[in-house]
Amino acid sequence: MLDGLLLALAAAAFFECSYVLQALGVREVPIMGRPGMAALRGLVARPRWTLGILLGLGGFALQVLALRHAPLTLVQPVLASGLLVLLAFSVFVLHEHVGRRQIAAVAGIIGGVTLIALADPARGHSTDTTAFAIAAVALATVAAASFVRRRPGVSWLLASAIAADALAALAAAQAARALPEALEAGAWCLLAAGAGIATLAAESAALQRRGAARVAPLVLAGQVAVPVALAPLLLGERWDATASGVPLLLAGLVLVVASSAALAASPSVGRLAVGASEGKNEVGGVR
């Protein structure tokens, strides 16, 4: 369990550094009408965005390794702790002031992850194939929604990003279980990669319209809550290893989601995430 926790923390740091670079990259291209490969091709030409993707791939590899040692129920909330990296950057790089709200949010994330760890959720060893297939189709349908609409609104983009990210997390868990069978693990990684690309496209479009300070809390809450809620049903994970396991886990999950959303929406983290220092030009109204 400890190995999984440490690997998840490392993955969180990679993902958040990736998020900053992606947010900076989308500011350099014209506003996207809707997510798609054409929009992604424009972003690939931006070095910061491409470096962000490479860090994201490193984070995904660490996430899969973490899932070899710890349940999805623990790994996903730990990934939210990567916001602490953004806060640290905002303090030491941008010299932003950290107020009571940010301190309370940090304490909430640490406390929530601690409660989940104390709940000692157990990894599942079998997958409900039928339920997983139904859930995967449902998530894929929601994820595709913003791609088939002519000019999707922000709500559609966010729903697509959350659903695709949840599908990627579940596929990553399956890839971890399949190791060391390279062929099966590779197939799950391909599904996770496809879902990750969909997340990337939808979230990048949403970032241009609302900015990371508004997009990040909602996407982050969804990417923690949705996979964790599905883990017992699809992956056989158990929350009742101890008598107080379920109450502790639910309390920890609520604390992580609420605190992460509050921290992601805070001005210091929001400014860093969209690369908006004062006097910088805006692109399409996105700071």
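Biologist: Is Leu2 buried or exposed?

Modeller: This is a predicted model, and Leu2 is found in its helix 1, residues 2-26. The relative accessible area of Leu2 is 57%. Exposed means over 50%, so Leu2 counts as exposed.

Biologist: Which residues form a nonpolar patch on the surface with Leu2?

Modeller: An α-helix has 3.6 residues a turn, so residues three or four places apart point the same way. The patch has about 300 Å² of accessible area together. With Leu2, its members are Leu6 and Leu9.

Biologist: How many helices and strands does the protein have?

Modeller: Read along the sequence, the pattern is α-α-α-α-α-α-α-α-α-α-α-α. Of the 287 residues, 50% count as buried. The count is 12 helices and 0 strands.

Biologist: What kind of aromatic pair do Phe132 and Trp188 form?

Modeller: A search of the whole structure finds 1 aromatic pair. The ring centres of Phe132 and Trp188 are 5.4 Å apart, and the planes stand at 80°. Planes over 60 degrees apart count as edge-to-face, so this pair is edge-to-face.

Biologist: How many residues apart in sequence are the parts that this pair ties together?

Modeller: Phe132 is buried, with a relative accessible area of 6%. Phe132 lies in helix 7 (residues 129-148), while Trp188 lies in helix 9 (residues 182-210). The pair therefore ties together parts whose separation in sequence is 56 residues.

Biologist: How many disulfides does the count come to?

Modeller: A disulfide is a covalent bond between the sulfur atoms of two cysteines. Cys17 is partly exposed, at 22% relative accessible area, and Cys189 is partly exposed at 27%. A pair of cysteine sulfur atoms has to lie within 2.5 Å to count, and the number of disulfides comes to 0.

Biologist: How far apart are the end C-alpha atoms of helix 11?

Modeller: Helix 11 covers residues 245-264, which is 20 residues. At 1.5 Å a residue, the helix should span 28 Å. The end C-alpha atoms agree with that, at a separation of 28 Å.

Biologist: What distance separates the C-alpha atoms of Gln76 and Leu253?

Modeller: Gln76 is found in helix 4, residues 72-80, and is buried, with a relative accessible area of 2%. Leu253 is one of the buried residues of helix 11, which also include Gly252 and Val256. Gln76 and Leu253 are 177 residues apart along the chain, and their C-alpha atoms are separated by 9.8 Å.

Terms used:
Residues numbered from 1 in each chain as written. Predicted model: local features only at pLDDT ≥ 70, side-chain atom pairs only at ≥ 80, totals over all residues. Heavy atoms only, no water. Patch = residues over 30% accessible without salt bridge, like charges linked within 9 Å, V, L, I, M, F, W, Y side chains within 5 Å. Areas by Shrake-Rupley, 256 points an atom, 1.4 Å probe, with all protein chains shown as cover. Salt bridge = Lys/Arg side-chain N within 4 Å of Asp/Glu carboxyl O. Helix = DSSP H or I, 4+ residues; strand = E, 2+ residues; numbered from the N terminus. Buried < 20%, exposed > 50% of the residue type's maximum accessible area, 1.4 Å probe, protein only. Phe/Tyr/Trp six-rings, centres within 6.5 Å; stacked < 30°, edge-to-face > 60°. Expected span 1.5 Å × (residues − 1).
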